[in-house]
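I opened the model today to look up a few things and write them down. The entries are in the order in which I looked.

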Amino acid sequence: MSKVIKFFDTTLRDGEQSPGCSMNIREKVMLAKQLEKLGVDIIEAGFAAASPGDFESVQRIAAEIKNSTVAVLARAVKEDIDKAWEAVIDAAKPRIHTFIATSDIHMEHKLKMKPEEVIKRAEEMVRYACSLCPEVEFSAEDATRSDPDFLAEIFDRTIEAGAKIINIPDTVGYTTPNEFYDFIMEIRSKSKHLDKVEISVHCHNDLGLAVANTLAAAKAGATQFECTINGIGERAGNAALEELVMIMNVRRDIYGLKSNINTREIMKTSHLLSSITGVGVQPNKAIVGANAFAHESGIHQHGVLNHRATYEIMTPESVGVTTDNIVIGKHSGRHAFRDKLKSMGYELSEEELNKAFKEFKKLADKKKQIYDKDIDAIITEREVRKDDKYKLVRFVINSGNTITTTATVLLNIDGKEIERIASAAGPVDAAFSAIDKCLDIDVELEDYSIQSVTEGTDALGYSVVKLRYEGNSYTGRSTSINIVEASIGAYLNALNTIN
Ligand code: KIV
Ligand code: ZN
């Protein structure tokens, strides 16, 4: 009989901590809904006490998500726990996830606390969190560099205080599969209560062992895996959800594990995350890389044509890769577009379909080949822009190597049209200045980038803008075949997230 593993996805919390992967509230809600569709058991929505933006996004996700548990991170500090509870109080299934570091190096140099004080604090804060929330998880940060006797004691005390899930993180990605297995077995043998609760693991990928370590932990009794989509996360990232799930499916004979994940939603979730953050995966990335199911050599192609299993250990369809061969372009009609969307897992209302179709037609007029990534970009852009207060109506750029560049931008602001002109050294700079004039706002541009989504000179440009306003940072993203339009869209997207 297979053992069921619970999947705890921390893309929105630990994942968001990776460079370039910050998301705004709307994007986080969109991704959370997709994680729910994927069948994730627990969604860690964020660290509520970190900032008002983090608090609001946890609150919004808690209100939207019905099937998955919504977890919120809190240090073992009363104020953090109060904020965490306030943020998830309305969730159908709330969880407070509180943590404190347990390794000597962290206790001495970061917390500046004695081991006894750490145990006392953990116990008190877990008891406090349990007085508020029906489900509390406790994590011993840097567990794999902690003393097993100390861990057994802190786990027993926090379980007595009410923790139902105990997490053993490999915070710095230091352990190895055999060592982690022995370590968990040792703690279990030393602890009175650990076998009565859910054992969770949370592995970082600094040595490329996060997935292997997580699976070794399952053999030692872990029943909850903490992971992220595409393996994003602090430094080298976290264990990748898609790899864990597919190893469990393809090698059930070895691991004897199953999950509630709908594997056919894997590719869509991976693409959604990449199109929101603009951070793609390497082409040879297991499961979700562009080449994961591509057979290049003649011998391999020949084998696959005769019998797919010669070189395929899982089917592309099993992870939601579309092999429908529906190619769409400027001559495709609404029906073909609808079929394509359906094969990609998008279900749009009639009204949404009509709007998306118009945008598709506009793009198909300018672009020779429409890829799935272009369609993902159209749909994501539509969803993210839905409630925008500031909308671009049109812009005109006058630029050249011997003249000063000027930009004229016409915006629709809450139904009212405003047009302004600005000049600067380049077209993007001039356009941003014209927008500032339209909104009569003074923001500081912290970061700006543009890259292509697909291949070719007619590829979609993807722009990310980070700006600072009144001490807070706001990020915006946009795609367009015109790179100035993509840049303006990203700038407006960031401005639209300012409340
Ligand atoms: O890596 C880590 O230890 C964490 C904890 C907060 C669980 O992210
Ligand atoms: Zn972590």
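My notes cover the domains, one interface, the ligand site and the salt bridges.

**Entry 1: domains.** I am working from a predicted model.

**Entry 2: the interface of domain 1 and domain 2.** How many residues are in contact here? I have six residues of domain 1 against six residues of domain 2. The two domains bury about 560 Å² between them, and 66% of that area is on carbon and sulfur atoms. I then looked for polar pairing and found three residue pairs in polar contact between domain 1 and domain 2, both partners at pLDDT 80 or more. For salt bridges across this interface the count is zero. Which helices supply the domain 1 side? I wrote down helix H9 (241-250) and helix H11 (266-277), each giving at least two residues to the side that touches domain 2. I sorted the residues on that side of domain 1 into four nonpolar, one polar and one charged.

**Entry 3: ligand 1.** I listed the residues around ligand 1 as Arg13, Asp14, His97, Phe99, Ser139, Glu141, Asn167, Pro169, Thr171, His202 and His204. I then checked distances from oxygen atoms of the ligand to polar side-chain atoms. For Arg13, I read 3.0 Å between a polar side-chain atom and an oxygen atom of ligand 1. For His202, an N or O atom of the side chain is 3.1 Å from a ligand 1 oxygen atom. For His204, a polar side-chain atom lies 3.1 Å from an oxygen atom of ligand 1.

**Entry 4: salt bridges.** I counted through the structure and have 35 salt bridges. Side chains of opposite charge can pair when their charged atoms come close.

Definitions and conventions:
Residues numbered from 1 in each chain as written. Chains lettered and ligands numbered in written order. Predicted model: local features only at pLDDT ≥ 70, side-chain atom pairs only at ≥ 80, totals over all residues. Heavy atoms only, no water. Contact = heavy atoms within 4.5 Å. Buried area = accessible area lost by both parts, 1.4 Å probe. Salt bridge = Lys/Arg side-chain N within 4 Å of Asp/Glu carboxyl O. Polar contact = N/O pair within 3.5 Å; in protein donor to acceptor, adjacent residues only side chain to side chain. Helix = DSSP H or I, 4+ residues; strand = E, 2+ residues; numbered from the N terminus. Nonpolar A, V, L, I, M, F, W, Y, C, P; charged D, E, K, R; others polar. Near = heavy atom within 4 Å.
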